[in-house]
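Notebook open, model loaded. I'm jotting down what I look up as I go.

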Amino acid sequence: MSARYARQIVLPEIGEAGQVLLGKARILVVGAGGLGSPALLYLVAAGVGLASHGGRIGIFDDDAVDASNLQRQIVFRELDQGATKAEAARRHLSALNSATQFATYSHRLNAANILDILSDYDIIIDGTDNFATKYLINDAALKLNKPVVYGSILGFEGQVSIFWANHGPCYRCIYPRAPTAHVPNCAEAGTLGGIAGVVGAIQAVEACKLALGLAHCQQHGLDPLIGKLLVFDALTWDIRKLDLDKHPKCPCCMTPPEQITLANEERAVCETQQPVKPISLRDLSDLWETGVPVTLIDVREHAEWASGHLDGALHIPLGRLLSEEDALVDINRSDVLVVYCQHGIRSAHAVSFLRSKGMEALNLLVDLPS
Ligand SMILES: [Zn+2]
């Protein structure tokens, strides 16, 4: 075993002791797609979840492989088309490492079955691309006090964080509820395969850190992304690490875990609304010229606002906007509200929320210094 994993055992941050911990880890990857594929390949190659150590790699995906997946879901091959993703992934991953213990799940993850499945794992990797499942995973993991290695991509932007409610914020601390209007996933908005690969690889690294344990991490200077959001823009390779705080009014963190109820219905809400079409700065100036009253809102975090913002904008961080009743008191509700953030994802959430409150809101895509 030592020879096979020699290149990582030689790292003082891992060593023989760390390698044993990786072998013992029980990690569930939800979604064997663009993020899950690279995450699974790196975990399995690294000797995570070995049968001899009592470890396990879980692969959850209710979908089948199709031709359009092959551009980024690199665990699959052409001959897998039509096969269930969980089984096809297991087949290829077993060939990569025959010592790994696998469990596969090809049914739909829902509120009725998620707790049973998550209970069997130490760490969850969220490789999904829809809000309903992200919220379901978050809420269930919070009930069970399990860490979730979160990843998402949209176009050229990628994000990674670890949500672990006992040690930092959860997904709902940042995005309290699912958008009521449709926000495109990568299948609709498009992405380059390598960008999903970067996010999935980072998720695998973070899952390995968690498998080593927080005490081991602290002792060896490994700093997992708990309470931090790593955001990159592959158009420019602008990479930032934002501090995330637990939200004092988070609907989940502020509820005793046993009282958190799991729900499936957010998927339906997401899928039935009209898309939020972004506007450009040129569209905004056209709007100004018509004389329509406009209020500009910046929904980024304090540090981002401090490093530069558009003249005349109001600053209301997304978490506050979504959860605090008085966040909107300074806004003239009859104005057209034009919302922006760094890359258009948080502002899309804000726009759908404002529209659900009966306000006219537009998502402005803008290049900001960072
Ligand atoms: Zn929370």
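Predicted model: local features only at pLDDT ≥ 70, side-chain atom pairs only at ≥ 80, totals over all residues.

Which residue takes a positive phi just after helix 3? I checked, and Gly47 does, at about 80°.

Next I looked at helix 3 itself, residues 36-45. Eight of its ten residues are buried, so the rest of the structure largely encloses helix 3. I listed the buried ones: Gly36, Ser37, Pro38, Ala39, Leu40, Leu41, Leu43 and Val44. Their packing partners are strand 1 (26-30), strand 2 (56-60), helix 4, strand 4 (123-126) and helix 9 (193-212).

Then I took the pairing with helix 4, residues 85-96. The two axes come within 9 Å and cross at roughly 30°. Angles under 35 degrees count as roughly parallel, so helix 3 and helix 4 are roughly parallel to each other. I noted the crossing as right-handed. On the helix 3 side, Leu40, Leu41, Val44 and Ala45 make the contact; helix 4 brings Ala89, Leu93 and Leu96. By class I get seven nonpolar residues, no polar and no charged ones.

Last stop was Val75, in the loop between strand 2 and helix 4. Buried or exposed? I have Val75 down as buried, because 26 other C-beta atoms lie within 10 Å and the cut-off is 20 or more. Leaving out residues up to four places away in sequence, Val75 touches Ala32, Ser37, Leu40, Leu41, Ala89, His92 and Leu93. Leu40 and Leu41 of helix 3, and Ala89 and Leu93 of helix 4, also turned up in the helix contact. Back to Gly47: Val75 is 28 residues from Gly47 in sequence and 17 Å away in space, C-alpha to C-alpha.

Technical notes:
Residues numbered from 1 in each chain as written. Axes fitted to C-alpha atoms, helices over the stretch in contact; angles between N-to-C directions. Helix = DSSP H or I, 4+ residues; strand = E, 2+ residues; numbered from the N terminus. Parallel < 35°, antiparallel > 145°, perpendicular 65-115°, else oblique. Left-handed = near helix turned anticlockwise from the far one by under 90°. Contact = placed C-beta atoms within 7 Å. Nonpolar A, V, L, I, M, F, W, Y, C, P; charged D, E, K, R; others polar. Buried ≥ 20, exposed ≤ 12 C-beta atoms within 10 Å, placed from the backbone.
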